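Q: I'm new to this one. Can you walk me through it, piece by piece?

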Amino acid sequence: MDNLIVCLIEAKDTTTVHSKIVLTSALFFAPSPRTRIAEVRLVGRHPEVYEPCDDSFALVDALLADKAQLEELKPSLCLEVGCGSGYVITSLALILGNCSNSEVQFLATDVSEAAVHTTCSTLAAHHVNAEVVVADLVSGLEKRLDKVVDVLVFNPPYVPTPEHEVGVEGIASAWAGGDRGRMVIDRMLSIIDSLLSSKGIFYLVAVTENNPGEICQVMRCKGFASRIVVQRHTDEESLHVLKFWRVDDPLDQEGPTTPSVSPRTSSLHRTFSQRLARLVSFK
Amino acid sequence: MRLLTHNMLSCNIKGVTNGFPLAIEATTVETKEVDMNPDFLRHIFPKLEWKAFRDASHSLGVDDLPEQVDPDMLLDEEFLRRFHHALLEVHLEEGVLICPETGRRFPVSKGIPNMLLNEDEV
């Protein structure tokens, strides 16, 4: 219910069309008030670590909206790459009921040592257990993570910057994304197939500059259907939370939920537009 | 770092074919009690490389795990307790993880392993 109230206030504050989208999705996705997520006041702080912000909240909202599906998935292993402050992995663990009787294993990595330490303190403040490793994406874990990750979340450095700013030390590594903000995202897309289990789901935060449509296209070629689960416009950016899952047949659009962007939808779209184009040319 | 984490790590330097398991050189080891969850243990057991886990626990001074494990043992309370302790309660706080093939040393500092590679190793 808290989310709903927040969104009503948002809608009142602004008159843009986009706020209506936020309101609609919040009404639709409003989670059970009993679902606990990480508390911002308990999140660890460090001058070189990105604090939870609109993008982090959008990602957690997407996970909350999918709570029922995530529970039904019965994940064994959940991984967050780029855990930063630990707000998201802690929330995911709380959403999936991480406690002494949970069977789910949680794992988080970040390229920044300060971030991983901050994640540890956030996890501890919420009495949540997760394994944490300083790694470049999943470096050092790839062999043992081969097609076993059931839930993968990634809030990448997505801000378009000059390429030399990517991967530098300090807080810039949390946001500097290089050309179109895609440098780190594209590296991640290239290893998704080797990480996700057959039932695995991948959540990715992206902004308009990253070209979410093209990201979905790239993933479609790798055999993944996709769907935009949250779309939110802030003063600074237009956020998307994309969700991907495997489809056996690239033409089969039946995924875990009805997708809005899927291989078949897209091919139907294409066929329709081609026919339309032909009609237009006849005319 | 718990041994659950250690069991998932391997050396990924370019060209390395036998980077698992990483040997442990322990400087500081701590024990932090957590509630035992038998279901979690049974669930994680088939995914563990048992020999690597047993050898790693030995490096941290835990010597009461059997060489071979029969799945029936997962019903035995006493075995589960020892398994739980070694997997989830013993922490390597300070030390080094060493690649079995190259001898490359990965530091573990304040309980966190650092698996970052240098540019010439990628």
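Q: Where does B:Pro21 lie?
A: B:Pro21 lies in the loop between H1 and E1 of chain B. Helices (H or I, at least four residues) and strands (E, at least two) are DSSP runs, numbered from the N terminus.

Q: Is the peptide bond from B:Phe20 to B:Pro21 cis or trans?
A: That bond is cis, with omega near -5 degrees.

Q: What should I know about the source?
A: This is a predicted model, where local features need pLDDT of at least 70, side-chain atom pairs count only at pLDDT 80 or more, and totals for chains, interfaces and linings use all residues. Residues are numbered from 1 along each chain as its sequence is written, chains are lettered from A and ligands numbered from 1 in the order in which they are written, and side-chain values use heavy atoms, with hydrogens and water left out.

Q: OK, sheets. What is the strand order in chain B?
A: The order is E1-E2-E3-E4, in an open sheet of four strands with antiparallel pairing. Two strands pair if DSSP finds at least two bridges between them.

Q: Which are the edge strands there?
A: Strand E1 (23-31) and E4 of chain B, as each pairs on one side only.

Q: How many bridges join E2 and E3 of chain B?
A: Four, between E2 (residues 90-98) and E3 (residues 105-109), in the antiparallel sense. B:Val96 has B:Pro107 in E3(B) as its bridge partner.

Q: Which helix packs on that sheet?
A: Helix H4 (residues 77-89) of chain B, which touches E1 and E2 of chain B. Its direction makes about 60 degrees with that of E2(B). Axes are lines fitted to C-alpha atoms, for helices over the stretch in contact, and angles run from 0 to 180 degrees between N-to-C directions. Contact means heavy atoms within 4.5 Å.

Q: And the sheet in chain A, how many strands?
A: Seven, in an open sheet with mixed pairing and the order E3-E2-E1-E4-E5-E7-E6.

Q: Why is one side of E3 and of E6 left without a neighbour in that sheet?
A: Strand E3 (131-134) and strand E6 (224-233) of chain A stand at the edges, each with a single partner strand, so one side of each has no neighbour in the sheet.

Q: What does E6(A) pair with?
A: Strand E7 (residues 238-246) of chain A, antiparallel, over nine bridges. A:Ser226 stands opposite A:Phe244 in E7(A).

Q: Which strands does H9 of chain A lie across?
A: Helix H9 (residues 212-221) lies across strand E5 (196-207), E6 and E7 of chain A, and runs at about 10 degrees to E7(A).

Q: New topic. How many residues make the contact between the chains?
A: Chain B gives 29 residues and chain A gives 28. About 2400 Å² is buried between them, with 52% from carbon and sulfur atoms. Buried area is the accessible area (1.4 Å probe) that two parts lose on being put together, summed over both.

Q: Which three residues supply more of chain B's share than any other three?
A: B:Met8, B:Ile112 and B:Leu116, with 28% of the area that chain B buries against chain A.

Q: How many salt bridges between the chains?
A: Two. In one of them, the side chains of A:Glu131 and B:Arg2 meet at 2.4 Å, N to O. A salt bridge is a side-chain nitrogen of Lys or Arg within 4 Å of a carboxyl oxygen of Asp or Glu.
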